[in-house]
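Keep the sequence at hand as you read.

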Amino acid sequence: MSAVKMTERKHFLSTADLTPGEVRSLLNAAQKFRKPVQADQNTPLLQGKTVVNLFFEDSTRTRSSFELATRRLSGNILNFSASTSSIQKGETLLDTAKNLEAMGPQCIVVRHSSAGSPKVLASAVAMSVVNAGDGFHEHPTQALLDLFTIEEKLGTVKGKRVLIIGDIAHSRVARSNIHLLRKMGAQVAVCGPPTLLPPHPEVFGVEWAYRPEELLHKADVVMMLRVQFERQNRMQIPSAGEYSRFWGLNRDRVKLLKKGAIILHPGPVNRGVELAPEVADGPNSVILDQVFNGVLVRMAVLASVCNPEGLKKWLK
């Protein structure tokens with residue numbers, strides 16, 4: 001990945017906002033962080049700075065990844081738990097953020113069930129805001145790490161065919177990836193049950209189908225989405241077993257893929273639903289690479305919003 005001049009952006013809210021140049025500069029920074037992380041060495045780009053993890057939804061990978069990214073940059077981390085906070089007493093999101101800001105952190109990483117909540121915070125606080133997932137809207141750092149992983153494995157995303165299968169209607173991961181992958185030159189297709197696709201999937205500007213068999217043979221990348229039972233009416237699919245039968249990626253469907261095709265999943269995996277265990281752990285799977293790359297990408301994002309000048313110097 002060639003070096004690109006880092007563009008200063010105070011907040012990181014959406015892949016739709018990013019220019020291709022900004023994407024390239026973030027990917028370049030993430031790649032440069034690989035060697036020190038693999039050598040168990042920290043970099044001082046966030047030394048003396050504090051990042052708040054403000055998570056209103058359960059998370060393992062994203063929250064832990066941001067925490068590790070902050071520590072790898074020598075920063076301080078404050079993990080906020082909504083379940084034990086004044087939110088339970090009726091305090092608003094905005095008041096919570098303003099009270100946290102008064103304690104002096106430089107950045108707040110927010111995950112919230114309401115679409116647009118990070119943008120609202122960004123307009124109301126002086127510190128940097130990073131979107132870690134907002135409702136059905138976006139999950140921009142997930143899309144960035146997915147792109148990073150695809151290019152790590154396939155060299156470039158330009159001209160590659162990426163098939164996203166699953167709960168497209170409820171997926172912020174799908175939305176962010178569609179924005180980002182198309183922007184960077186990939187051809188994107190989506191597939192899922194009629195009840196889990198938007199009413200007019202063509203508005204995304206992508207190819208679409210109801211059955212995976214129609215599209216799997218064309219794909220260089222298959223991105224399986226978690227069935228978000230907590231975000232949908234359970235009547236939208238008859239059962240987990242039936243979903244697996246018609247839309248899950250099993251050993252027979254994997255045989256339809258091109259040689260060298262890779263399989264991604266944002267996690268957590270519902271084993272036996274979206275992915276058969278032997279596929280999740282098989283040679284096409286790059287799921288654990290995604291997890292590792294998430295730390296590198298989130299280091300790049302945090303450094304770019306909290307210390308852009310320091311990041312520029314470090315990249316030279």
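Residue classes come up below: Ala, Val, Leu, Ile, Met, Phe, Trp, Tyr, Cys and Pro count as nonpolar, Asp, Glu, Lys and Arg as charged, and the others, Gly among them, as polar. This is a predicted model, where local features need pLDDT of at least 70, side-chain atom pairs count only at pLDDT 80 or more, and totals for chains, interfaces and linings use all residues. Residues are numbered from 1 along each chain as its sequence is written, and side-chain values use heavy atoms, with hydrogens and water left out.

Start with the pockets. A pocket is an open set of points on a 1 Å grid over the protein atoms alone, where a 1.4 Å probe fits, with protein on both sides within 12 Å along at least five of seven lines; its lining residues have an atom within 4 Å of a point. The largest pocket holds about 400 Å³ of space. Its lining has 20 residues, and Arg111, Arg172, Arg226, Gly267 and Pro268 lie nearest the centre. Two elements each give two or more residues to this lining: α2 (61–72) and α6 (172–183). By class, the lining has four nonpolar, eight polar and eight charged residues.

The second largest pocket holds about 150 Å³. Its lining includes Val269, Arg271, Ala280 and Asp289. Helix α10 (residues 287–306) gives the most, with three residues. Here the classes are five nonpolar, two polar and three charged.

Now turn to the interior. A nonpolar core is a set of buried Ala, Val, Leu, Ile, Met, Phe, Trp, Tyr and Cys residues joined through side-chain atoms within 4.5 Å. Buried means under 20% relative accessible area (1.4 Å probe, protein chains only). The largest such core has 61 residues, and among those with the most contacts inside it are Phe33, Val109, Leu181 and Leu302. Helix α10 gives the most to this core, with ten residues.

What does Leu181 touch, leaving aside its neighbours within four places in sequence? Its contacts (heavy atoms within 4.5 Å) are Leu147, Ile150, Val157, Val162, Ala186, Val188 and Met223.

Last, the cysteines. The structure holds zero disulfides, a disulfide being a pair of cysteine sulfur atoms within 2.5 Å. Cys306 is in none; the nearest cysteine sulfur, that of Cys107, is 4.0 Å away. Cys306 counts as buried because its relative accessibility is 12%. Cys191 is also buried, at 0%.

How values were computed: Buried means under 20% relative accessible area, exposed over 50%, partly exposed in between (1.4 Å probe, protein chains only). Grid points are joined across faces, edges and corners, and a volume is the space filled by probe spheres set on the points. Helices (H or I, at least four residues) and strands (E, at least two) are DSSP runs, numbered from the N terminus.
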